[in-house]
Amino acid sequence: MAACETTPHLLVESPDAQTPPDPRFGLLSVSRIHEQMDPHAHNGIAYETVCDPKVRLYEVDTGCPDTEPATKRGDRSTSVTTADPFAVYAVEQCLDGRTSQQMQTRLRRRLLRGERHVVEAAVYHGLAGANPYLRHSDTTVINGGEPLPVAAAVGALEQRLALAGRTATIHAPRWMAAVMDAEGLLHRQGPNLRTILGSPIAFGSAYTGHPPEGTEDEQTWLYATGPVTVRRSEVIEPARLDQGGFNMRTNTPFVLTERVYVVDWPCGTAAVPTTLPRVDVGIDLDSITTRPPSTPEP
């Protein structure tokens, strides 16, 4: 078996046992979360929605009664929104003398603490087959792709979403919270930070400020969507020590904890560059998307 690192120090309970995960002001804090989703939703979801209401005007005729009445054009106003699943997981291959229950408890803590970041990475960059995602090449770029000051960029995105009769959810890299606060753009409302128009802002720790795919630009980009819905399964434990969790390829036992996510929003995404240069905070996306070890076939 693979060797594990040991320590002579006294093992005490981790502070993480008393400190809950802190998802404040990230993507999950502004989303409508459906826990224990229907098992069929593990394959993804689809629904019809109204993106362009196609409500129109006509001029009321005040002339003679025999005047031709106004012609009213009819258009289909519904479109289909689909969302595909992805999964997050945590795995332990070094048991270090712990019992199966102790390992499962530790893994669950790891998953709950780290899932926010990797979910944001999937939704922002389209990792692990997540769809929709913010940086998709079909994202609508407004203002002709010309950079705007941060305040104007936020306002432009809000107006764009208002055309579809929706409140915007603004998506920004987490480091921009200090910038927006300095400009007086943030208003605290319960667990959320909002704009003056009430749009929630998701400050994602995995958001990088990159432009939509296929666009080369060094500025920091902001994105906007309609309301975000997150469906997620219960925490699943497909590999446990007491159920024979063992990786035959590496000749090591392992414990695995995971859950499935489906994240969606209606009616596409809008984006605009700001006048702020992009800041590199060292997010390693290559380390996020891997395949967990699989249990042996029976």
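Q: A disulfide is a pair of cysteine sulfur atoms within 2.5 Å; how many does the structure hold?

A: The structure holds 1 disulfide, which joins cysteine 51 to cysteine 267 with an S to S distance of 2.1 Å. This is a predicted model, in which local features need pLDDT of at least 70 and side-chain atom pairs count only at pLDDT 80 or more, while totals for chains, interfaces and linings use all residues. Residues are numbered from 1 along each chain as its sequence is written, and side-chain values use heavy atoms, with hydrogens and water left out.

Q: Why is the disulfide of cysteine 51 and cysteine 267 called left-handed?

A: The torsion about its S-S bond is about -90°, so the disulfide is left-handed. Cysteine 51 sits in the loop between β2 (45-50) and β3 (78-83), and cysteine 267 in the loop between β15 and β16 (270-277), so the pair ties together parts 216 residues apart in sequence. Here strands (E, at least two residues) and helices (H or I, at least four) are DSSP runs, numbered from the N terminus.

Q: Is cysteine 51 buried or exposed?

A: Buried means under 20% relative accessible area, exposed over 50%, and partly exposed in between (1.4 Å probe, protein chains only). Cysteine 51, at 18%, counts as buried, whereas cysteine 267, at 28%, counts as partly exposed. Alanine 168 is also buried, with a relative accessible area of 2%; its place is in the loop between α2 (150-162) and β6 (169-173).

Q: What is the volume of the largest pocket?

A: A pocket is an open set of points on a 1 Å grid over the protein atoms alone, where a 1.4 Å probe fits, with protein on both sides within 12 Å along at least five of seven lines. The volume is the space filled by probe spheres set on the points, and for the largest pocket this is about 620 Å³. Of its 23 lining residues, the closest to the centre are Ala87, Val88, Tyr89, Ile288 and Thr290; lining residues have an atom within 4 Å of a point.

Q: Which element gives the most to that lining?

A: β4 does, with 7 residues.

How values were computed
A disulfide is a pair of cysteine sulfur atoms within 2.5 Å.
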